[in-house]
Amino acid sequence: MNPSVLFVAGEVSGDMHAAELARALRRRRPDVELWGIGGDELRAAGMDLVRHAREMEAIGFTAVIRRLPFFRRVFRDILARARARKPTLAVLVDYPGFNLRMAQALHGMGVRVVYYICPQIWAWRKSRARILVENVARLLTILPFEQELFRGQPLRVEYVGHPLADQLRAETKYSAALPWRGEPRIALLPGSRRSEIEYLLPPMLEAAALIGQERPEASFLAAAAHESAADWIRAAAARAAATPPRWEIVVGRARQVLREGRAGWVASGTATLEAALLGCPHALVYRVSWLNYQIGRRLILVPHLGIANLIAGRTVCPEILQDAVTPANLAESLRPLL
């Protein structure tokens with residue numbers, strides 16, 4: 001019988017990192033059967049998609065609560081398929097709200113679980129560490145300080161390095177030039193989710209208009225993860241009180257925008273680490289609904305949101321959060337970087 005591996009990657013970044021792992025598995029075991037939840041990258045790596053990661057999107061506590069019936073159906077469906085297919089191994093990739101419960105359920109069924117990309121237990125609830133210790137056969141961490149968190153615990157933990165470091169080191173050539181229209185070149189990365197773009201893009205564009213008044217030759221590129229995100233950017237831009245005279249939208253080329261940009265504003269998340277690795281000075285920007293922010297600020301235990309700041313142990317990238325996300329503040333955060 002061919003080995004069968006269940007992947008659960010419920011977000012775009014998890015899909016990308018899991019696909020690299022899937023391709024490496026296939027090189028070692030061409031007969032392996034891959035199936036589960038993922039996105040376009042895992043599909044391209046040869047995985048049979050049961051659910052697309054786009055269906056699993058929910059940002060903020062209120063959005064998760066609204067979609068709980070859907071998530072429960074998906075959860076039960078995956079478990080039913082696991083009982084039928086009896087996977088050799090389950091690889092759960094980040095996505096802790098769903099995957100920590102999945103780890104418990106699969107472990108209870110006798111499935112060996114590998115957790116790839118440690119949930120941010122150092123930022124949120126430490127009780128999650130116990131779930132990992134009791135239900136996971138191996139934990140693969142991507143940040144250098146995470147392995148130490150489990151010292152003395154009966155859990156095999158391996159620091160494997162952040163996959164972005166290898167990807168960005170290899171990615172140095174691009175097929176086409178970007179439509180920059182002047183200097184300095186300024187990157188706008190408002191996120192890949194619709195809600196992120198709706199909250200962040202208008203103040204980013206209004207701040208860009210302020211910078212444009214001071215530097216009339218400045219050029220701004222808004223990076224969209226996909227065509228749907230480009231549509232959301234256009235809709236959000238229509239609501240902005242002002243926009244700079246020289247700005248464009250580019251699709252699927254965020255890394256090139258960051259590599260070529262002099263500075264930028266970047267939505268909180270993996271893109272901030274990409275910006276740091278690509279050498280683009282930036283301000284991290286984070287804004288959600290009032291209720292989500294009030295809940296989150298009471299749960300987060302760390303002094304920074306940015307991964308680069310957490311790794312450095314100090315503020316290397318300014319963080320503009322919630323009510324501070326105004327055009328004036330965003331413009332002020334960028335001036336020293338230019």
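**Notebook: strands, helices and some buried residues**

I started at V113, which is found in strand β5 (residues 113-116). The model is predicted: local features need pLDDT of at least 70, side-chain atom pairs count only at pLDDT 80 or more, and totals for chains, interfaces and linings use all residues. Residues are numbered from 1 along each chain as its sequence is written, and side-chain values use heavy atoms, with hydrogens and water left out. For strands (E, at least two residues) and helices (H or I, at least four) I took the DSSP runs, numbered from the N terminus.

**V113**

I looked up the accessibility of V113. Its relative accessible area is 0%, so V113 is buried. Buried means under 20% relative accessible area, exposed over 50%, and partly exposed in between, with a 1.4 Å probe and protein chains only. Next I checked A90, which is 23 residues from V113 along the chain; their C-alpha atoms are separated by 4.9 Å. I then listed contacts, meaning heavy atoms within 4.5 Å. Leaving aside neighbours within four places in sequence, V113 touches A90, L92, A103, L106, H107, N135, V136, A137 and R138.

I moved to β1 (residues 4-9). Six of its six residues are buried, so β1 is largely enclosed by the rest of the structure. I checked both faces, and both are covered. S4, L6 and V8 lie on one side, V5, F7 and A9 on the other, and all are buried.

Then I looked at pairing. Two strands pair if DSSP finds at least two bridges between them. β1 pairs with β2 (residues 33-38) in the parallel sense over five bridges. In that pair, V8 stands opposite I37 of β2. β1 also runs parallel to β4 (residues 89-93), joined by five bridges. There F7 stands opposite V91 of β4.

β2 pairs in the parallel sense with β3 (residues 48-52) over four bridges. W35 has D48 of β3 as its bridge partner.

H17 has its place in helix α1. Is H17 buried or exposed? At 3% relative accessibility, H17 counts as buried. Leaving aside neighbours within four places in sequence, H17 is in contact with Y116, I117, H162, P163, L164 and Q167.

I then looked up the helix pair. α1 (residues 12-28) and α7 (residues 163-170) pack at about 80°, with their axes 11 Å apart. The axes are lines fitted to C-alpha atoms, for helices over the stretch in contact, and angles run from 0 to 180 degrees between N-to-C directions. The two helices, α1 and α7, are therefore roughly perpendicular; that term covers 65 to 115 degrees, with under 35 roughly parallel, over 145 roughly antiparallel and the rest oblique. From α1, the contact uses M16, H17 and E20; from α7, P163, L164 and Q167. By class, the contact has three nonpolar, two polar and one charged residues. Ala, Val, Leu, Ile, Met, Phe, Trp, Tyr, Cys and Pro count as nonpolar, Asp, Glu, Lys and Arg as charged, and the others, Gly among them, as polar.

**The six-stranded sheet**

I traced an open sheet of six strands, with parallel pairing, in the order β10-β9-β8-β11-β12-β13. Which strands stand at the edges? They are β10 (247-251) and β13 (319-321); each has a single partner strand, so one side of each is left without a neighbour in the sheet. The twist averages 20° from one strand to the next.

I checked one pair in detail. β9 (residues 219-224) and β10 pair in the parallel sense over five bridges. A224 stands opposite V251 in β10.

Helix α8 (residues 194-214) packs on this sheet, touching β8 (185-189), β9, β10, β11 (263-267) and β12 (282-286). The direction of α8 makes about 165° with that of β11. Helix α11 (residues 270-277) lies across β8, β11 and β12, and runs at about 155° to β11.

My last stop was G212, in helix α8. At 9% relative accessibility, G212 counts as buried. P184 is 28 residues from G212 along the chain, and their C-alpha atoms are separated by 9.9 Å.
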